[in-house]
Every structure is written in C-alpha cells, then in structure tokens.
Amino acid sequence: KDDSLLAVLSDVGGHLTLFDTSTWEMRNEFDLYTGLYAGNSLTFLPDDSLVLTTPAGTSPDPNYKDLTVFSLMNIDSKNGSLIKYYPNLPQKEGQQLTQQISIGHHTISKDGALTAGIMDGGGNDIFVFNAASGQLIKRFSIPRIVPKPGYGPELITALVFSPIGLELVLG
C-alpha cells in the first residue's frame, strides 16, 4: 500500500487528482465523468484502488441507464478505470435493479475488508459490503429519532467503523 497518496475530488465529484504527500507534487489526474454530482466521500482500499460514491443523473456507463441503483464504485487509482460497482452484480441483474441504494457517505474498516455506507442525503438505511468482492453483506435500518417540536427529522449523516472493525459508530 502506498501511504504517500492523497486523493482529491473536485468538479462535483467528476475530477480526481492524486498527490504524492512526500513531495506535494501531482502524481496523476483524470476525469471520472462529467455533468453529474457525486458525494465527496472517498477512501483507499489496501490495494490502492479507491472507493467513492456513484454519480447521480444520467449514467456515464453505457451498460446502465442510472448508477443510483449502485451504492459505490471502485476505481483504479493509477488510470481512473472502473473496477466494479457495489453491490457487484452481473450486468443483466444490475440492469434490472430499480431501487435506489445510492450512498452519500461511506467508511472502510481499518483492515480494508468491509465498507459501510449511509443512504444518500442522510437517512436510516445502512449498507455493509465486502470491500474486495463488492458483495452486499447486510442492509439494515436504524429507527428514526423522534425530533423535538419545531425541529426536522434526525438523520444519520456520518459513520465510522470501531478500531477493531466489529462495530459501526453512527451520528
């Protein structure tokens, strides 16, 4: 694993720049897609590939009309090419998905084995994936907190794995 890389998303998630933190020189940059919005959540896996949120709007991938049926995407940090979507489904099965499971924020366990995300826009639905395979391991909902009078609904907008990776902390 290359611990000297810093990844920066810009242009509403459509442009990725990689910096070498030992010299602060730009190592690489590429456009992921254009004219779409993606969340600002991204994380390196142990193999130096990146996991980031999928874009909203018309899909840049000709195999899928809409990428919000996927939660996350895994890309190669060397060339920006797509490795897989999460959940990682056969193309025919992925094309049949209709339920939006777009993730707004996600986290990776310390050992890089799991990634978990929150439904886009905050919410109660949590998704846990095997980071290497992209397979959905668990989906669960957290009961909504009843707000004080005059306040809007309480939504989960952040999450992180515990240091040993057995628990999720939500807020």
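The side chain of Thr 115 has a polar atom 2.9 Å from the backbone oxygen of Thr 107. Keep in mind as you look that this is a predicted model. You can find Thr 115 in strand β9, which covers residues 114–119. Is Thr 115 buried or exposed? Its relative accessible area is 0%, so Thr 115 is buried.

Who surrounds this threonine? Setting aside the residues within four places in sequence, Thr 115 is in contact with Leu 72, Tyr 86, His 106, Thr 107, Ile 108, Phe 127, Val 128, Phe 129, Ala 131 and Phe 161. Three residues from that list, Tyr 86, Phe 127 and Phe 129, also belong together in one aromatic cluster.

Let's turn to the rings. The structure holds two aromatic pairs, and here they are side by side:

| Pair | Arrangement | Centre to centre | Between the planes |
|---|---|---|---|
| Tyr 86 and Phe 129 | edge-to-face | 5.7 Å | 90° |
| Phe 127 and Phe 129 | stacked | 6.4 Å | 15° |

Which parts of the chain does the pair of Tyr 86 and Phe 129 link? Tyr 86 sits in strand β7 (residues 82–86) and Phe 129 in strand β10 (residues 125–130), so the pair joins distant parts of the chain, with its members 43 residues apart.

Tyr 86 counts as buried because its relative accessibility is 0%. Phe 129 is buried as well, with a relative accessible area of 0%, and Phe 127, at 1% relative accessibility, also counts as buried.

Terms used
Residues numbered from 1 in each chain as written. Predicted model: local features only at pLDDT ≥ 70, side-chain atom pairs only at ≥ 80, totals over all residues. Heavy atoms only, no water. Helix = DSSP H or I, 4+ residues; strand = E, 2+ residues; numbered from the N terminus. Buried < 20%, exposed > 50% of the residue type's maximum accessible area, 1.4 Å probe, protein only. Polar contact = N/O pair within 3.5 Å; in protein donor to acceptor, adjacent residues only side chain to side chain. Contact = heavy atoms within 4.5 Å. Phe/Tyr/Trp six-rings, centres within 6.5 Å; stacked < 30°, edge-to-face > 60°.
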